[in-house]
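The sequence and structure are shown first.

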Amino acid sequence: MFRRGRCGRATSVRLAATILLLCFSVATDAAPRKASGPSGYAHRPEVRAFIAELVAESGFDARELRRLFAQARYQPQVIAAISRPVLSPPKWYEYAPRFLEPARVDAGVEFWREHRDVLEHARSEFGVPPEVIVAIIGVETYYGRNTGRYGVFDALTTLAFDYPRRAEFFRGELKQFLLLAREQRISPLAPKGSYAGAIGLPQFMPGNIRVYALDYDRDGRVDLAAGIDDAIGSVAHYLARHGWQQGQPVMTPARVDTEHPEVVLDKLDGGIAPRRPLAEWARDGMTGFVVPGDLSADPAGLVMLEEANAPSYWLVFSNWYVLLRYNRSRLYASAVWQLAQELKRVAEDRS
Ligand SMILES: [Ca+2]
């Protein structure tokens with residue numbers, strides 16, 4: 001006996017029962033959650049468990065947290081925005097132009113000029129060049145123009161409880177955010193940020209704010225949204241703490257020049273190949289690159305960027321991987337570095 005299951009396939013009763021179950025669980029995962037109304041989150045068992053954890057771990061007041069979560073709003077746009085790059089990862093030629101366009105370069109040179117003193121102070125304290133700090137702030141938020149319009153509490157609550165793929169990460173960040181708000185004596189309902197809950201000019205996640213953000217203008221509070229000095233010092237501090245090495249290279253173009261390019265190209269996975277000694281890259285046919293002699297023993301990775309015509313190849317060094325710690329995307333790290341180079345070139349031309 002056959003029956004058409006909910007997935008649309010004719011199958012036996014027993015199989016159909018299994019498939020019905022499967023379809024049901026897939027539907028539960030994939031379908032938009034029913035809107036958590038004004039008081040929706042506070043009544044969900046996983047939120048209640050989360051509140052109990054916060055009370056036990058950090059001494060929060062359970063009633064206050066229940067009142068807070070009663071005000072959390074599910075944000076469907078947050079789920080749509082975070083799903084987009086997962087569903088269709090951008091290519092370099094689609095991703096990079098908006099970060100390297102003349103208007104963003106000009107605005108960056110102006111930002112650099114306006115904040116030269118604090119950028120130089122950060123360079124001398126942390127060894128991170130101004131153009132790299134400016135480029136990060138330029139890529140993240142267009143030098144503070146686009147710091148995000150979502151309520152951070154709503155965004156993080158939505159991701160923590162309605163985005164199973166990364167629920168653990170975002171529950172951690174939601175905890176960090178509530179701790180941060182308590183430390184800063186602000187309402188968790190006040191801060192605005194990106195769809196992922198990143199805050200301020202440098203778009204730090206709450207956990208990173210608690211560890212790496214600095215009160216660089218010494219006004220008694222860390223403010224990455226309005227305090228430009230705080231943002232600059234915090235970016236430099238973050239890169240230094242993740243191993244930025246002053247004066248060392250970041251990435252350099254190279255060519256795959258061999259009869260057997262597959263020996264090199266097969267090592268690429270998602271456009272990036274693991275680090276190995278430069279001598280091995282050269283042996284396999286990479287040419288056309290120049291790096292300082294003292295680096296020849298250090299391992300280098302290989303990155304492919306999809307240009308409009310043919311791909312370009314780049315050897316990437318330890319500092320490039322530090323940029324990757326800021327945002328785990330080869331496109332991001334490469335765009336930051338290329339914007340930094342462009343800022344430096346234009347700033348030097350004008351001085
Ligand atoms: Ca400050």
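The sections below treat overall composition, helix pairs, selected residues and backbone angles in turn.

**Basis and overall composition**

The model is predicted: local features need pLDDT of at least 70, side-chain atom pairs count only at pLDDT 80 or more, and totals for chains, interfaces and linings use all residues. Residues are numbered from 1 along each chain as its sequence is written.

The protein has 18 helices and nine strands; helices (H or I, at least four residues) and strands (E, at least two) are DSSP runs, numbered from the N terminus. Of its 351 residues, 38% count as buried. A residue is buried if 20 or more other C-beta atoms lie within 10 Å of its own, exposed if 12 or fewer, and partly exposed in between, with C-beta atoms placed from the backbone. Among contacts between residues at least 6 apart in sequence, 67% join residues at least 24 apart; two residues are in contact if their C-beta atoms, placed from the backbone, lie within 7 Å.

**Helix pairs**

Axes are lines fitted to C-alpha atoms, for helices over the stretch in contact, and angles run from 0 to 180 degrees between N-to-C directions.

| Helix pair | Axes come within | Crossing angle |
|---|---|---|
| α8 and α18 | 9 Å | roughly 65° |
| α11 and α12 | 7 Å | roughly 150° |
| α10 and α14 | 10 Å | roughly 110° |

Angles under 35 degrees count as roughly parallel, over 145 as roughly antiparallel, 65 to 115 as roughly perpendicular and the rest as oblique. A crossing is left-handed if the near helix is turned anticlockwise from the far one by less than a right angle, and right-handed if clockwise. In the classes used here, Ala, Val, Leu, Ile, Met, Phe, Trp, Tyr, Cys and Pro count as nonpolar, Asp, Glu, Lys and Arg as charged, and the others, Gly among them, as polar.

Helix α8 (residues 102–114) and helix α18 (residues 330–350) cross at roughly 65° and are therefore roughly perpendicular to each other. The crossing of α8 past α18 is right-handed. On the α8 side the contact uses V105, G108, V109 and W112, and on the α18 side L339, E342, L343, V346, A347 and R350. Seven of these residues are nonpolar, one is polar and two are charged.

For α11 and helix α12 (residues 167–184), the axes cross at roughly 150°, which makes α11 roughly antiparallel to α12. Here α11 passes α12 in a left-handed crossing. From α11 the contact draws on V152, F153, L156, T157, L159, A160 and F161, and from α12 on A167, F170, R171, E173, L174 and F177. The classes are 10 nonpolar, one polar and two charged.

Because 12 of the 14 residues are buried, α14 is largely enclosed by the rest of the structure. Its buried residues, including D229, D230 and H237, pack against α9 (116–126), α10 (130–141), α13 (206–212) and α17 (318–326).

The axes of α10 and α14 come within 10 Å at a crossing angle of roughly 110°, so α10 is roughly perpendicular to α14. The crossing is right-handed. I133, I136 and I137 of α10 meet A231, I232, V235 and A236 of α14, and these divide into seven nonpolar, no polar and no charged residues.

**Two buried helix residues**

T157 belongs to helix α11 (residues 152–162) and is buried, with 29 other C-beta atoms within 10 Å. Not counting residues up to four places away in sequence, T157 touches Y41, A72 and L174.

A340, in helix α18, is buried with 23 other C-beta atoms within 10 Å. Its C-alpha atom is separated by 7.3 Å from that of V134, 206 residues apart along the chain. Leaving aside neighbours within four places in sequence, A340 contacts E131, V132 and A135.

**Positive phi angles**

R185, in the loop between α12 and β4 (192–193), has a phi near 55°, a positive value in a residue other than glycine. R185 is exposed, with 7 other C-beta atoms within 10 Å. Q203, in the loop between β4 and α13, also is not a glycine and has a positive phi of about 55°. Q203 counts as buried, with 25 C-beta neighbours inside 10 Å. Just after α14, G243 takes a positive phi of about 100°.
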